[in-house]
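Please keep the sequence and the coordinates at hand while reading.

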Amino acid sequence: MQKRRLSGRRPLLLAVGAGVTVAALAAGMTSAFAATVFSDDFTDGDTSGWSKSGGTWTVDGSGVLNQSNAGSELARQFAGQTSWTNYSVQARVRPTSFGSSSALVGLAARSTSSTKMYRLALLGSGRAELQAVNGSSVTAIGSASLGIGAGTWYTLRIETSGSTIRGFVNGTQIASGSNSLAGAGRIGLVTAYASGGFDDVVVDSSGGGTPTTPPPTTTPPPTTPPPTTTPPPAGWPTPTGSQKVDATIPVSGTFDGGLKRYYGIGDGGQSESQDPMFELAAGATLRNVIIGAPAGDGVHCEGNCTLINVWWEDVGEDAATFRGGTTYTVDGGGARSASDKVFQHNGSGTVHIKNFRVENAGKLYRACGNCSTSYQRHVVIDNVTVQNTDAIAGINTNWGDTARFSRITIVGDPDRETSICVKYKGVPKGSEPTEIGEGADGVNCLYSPSDITYQ
């Protein structure tokens, strides 16, 4: 069995027949579009579904899996199935200490035993190296000098397709080669005479290639959610009343506004650092609220939050900013008149946007491209109606962001000018991210033509 853990939920287990390749799970899909078959962000606080070999492993309060024994010769955590063949595995990895220049913290693929695997290693020497490991024999497939340092997060990805193995660091390929060490195997998180942290592990079928074993005899899980009984709203609701707000309203637990209009904070423009209309504590829910103008910086989620049937009549700085949690849900409602973006994702984790309507906006969603802390961020957008909007989502592919789309309806766009998924190169705070492309790629921007409908 394999664990598919999305956004900190308890594991969803998918039955997979022996000898089935990960690529086979994508049967029935266009091959260019990846299927995520395993993910774990450790926010549930445990390593269920992983098997340990060596080291001292714990999950800290921020949902990071740490290996703290820098004296361990080889510490490993393994997950997945030994029958997996063509796939990619990606994780955020942070070295915290190196015992020597050859000490390492890294990611493994096609592991057939505790000492046989492909390994993408961050070395104490400052280099990143893609290796074929067979016991004490280590063969370098390729490497790059990147100035690797302790305390910094790096996004590592290994892609396997037949005998071709590729290694990526922060979205840039650092090594590629042909090697026949292992044709199938599990994924792994590894350290050797070093300590480090691991987070946001994702395995999908983007390794490419043709499955070398028969497809599963059972029907694969659907690649898009089943139809919902809640369609996106056709129009804006009529307020049941209005209330002027002079200071941010703090919300703990659930706040139900009864579809009253709240307005009065900020200048109604795009000026930065305006106060929010509502500030949601971790775990809070805001529902049945209409946010009028001026609305300042809309809604701030300081932790995991849920927004149900919330409407923004005229977005000011942003409609909502997701800051400190790992799972955020927007269900129902709509937003219009956002000259920049509707939803701003500054924290880590995943934003789910469903049953929503957006009109006259720059972007529906943007993963922050120059915040003070760089995270890998994800968005899942389902059953959304889009009108007069430049782009639906913007993500930073060099940090491993992903955007998944299903049942998107674009209204009044005969020339197909609305961008579905725009890719950026994220940069440090103080610089401006650059746009580097757009469109489905099976790795970061995940959708097929059938997921998009034009009316």
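A disulfide is taken here as a pair of cysteine sulfur atoms within 2.5 Å. The model is a predicted one, in which local features need pLDDT of at least 70 and side-chain atom pairs count only at pLDDT 80 or more, while totals for chains, interfaces and linings use all residues. Residues are numbered from 1 along each chain as its sequence is written, and side-chain values use heavy atoms, with hydrogens and water left out.

Cys-301 and Cys-305 are buried, that is, under 20% relative accessible area with a 1.4 Å probe and protein chains only (exposed is over 50%, partly exposed in between). Cys-368 and Cys-371 form a disulfide at 2.1 Å, and a torsion of about 110° makes this one right-handed. Cys-368 is buried at 5% relative accessibility, and Cys-371 is buried at 15%.

The link of Cys-421 and Cys-445, with S to S 2.0 Å, is left-handed, with -65° about the S-S bond. Cys-421 lies in strand S31 (residues 419-425) and Cys-445 in strand S33, so the pair ties together parts that are 24 residues apart in sequence. Strands are DSSP runs (E, at least two residues), numbered from the N terminus. Asn-444 belongs to the loop between strands S32 (434-438) and S33 (445-446) and is buried, at 8% relative accessible area.

The sheet comes next. Two strands pair if DSSP finds at least two bridges between them. Seven strands form an open sheet in the order S4-S7-S16-S9-S10-S11-S12, with antiparallel pairing. S4 (51-53) and S12 (137-145) stand at the edges with a single partner strand each, so one side of each is left without a neighbour in the sheet. Within the sheet, S7 (residues 75-79) and S16 (residues 186-192) pair over five bridges, and Ala-75 has Thr-191 as its bridge partner.

A nonpolar core is a set of buried Ala, Val, Leu, Ile, Met, Phe, Trp, Tyr and Cys residues joined through side-chain atoms within 4.5 Å. The largest has 53 residues, of which Phe-278, Trp-312, Phe-343 and Ile-353 touch the most other members. Strand S28 (residues 349-367) gives the most to this core, with eight residues. Apart from it lies another core of 41 residues, including Val-93 and Ile-148.

How values were computed:
Helix = DSSP H or I, 4+ residues; strand = E, 2+ residues; numbered from the N terminus.
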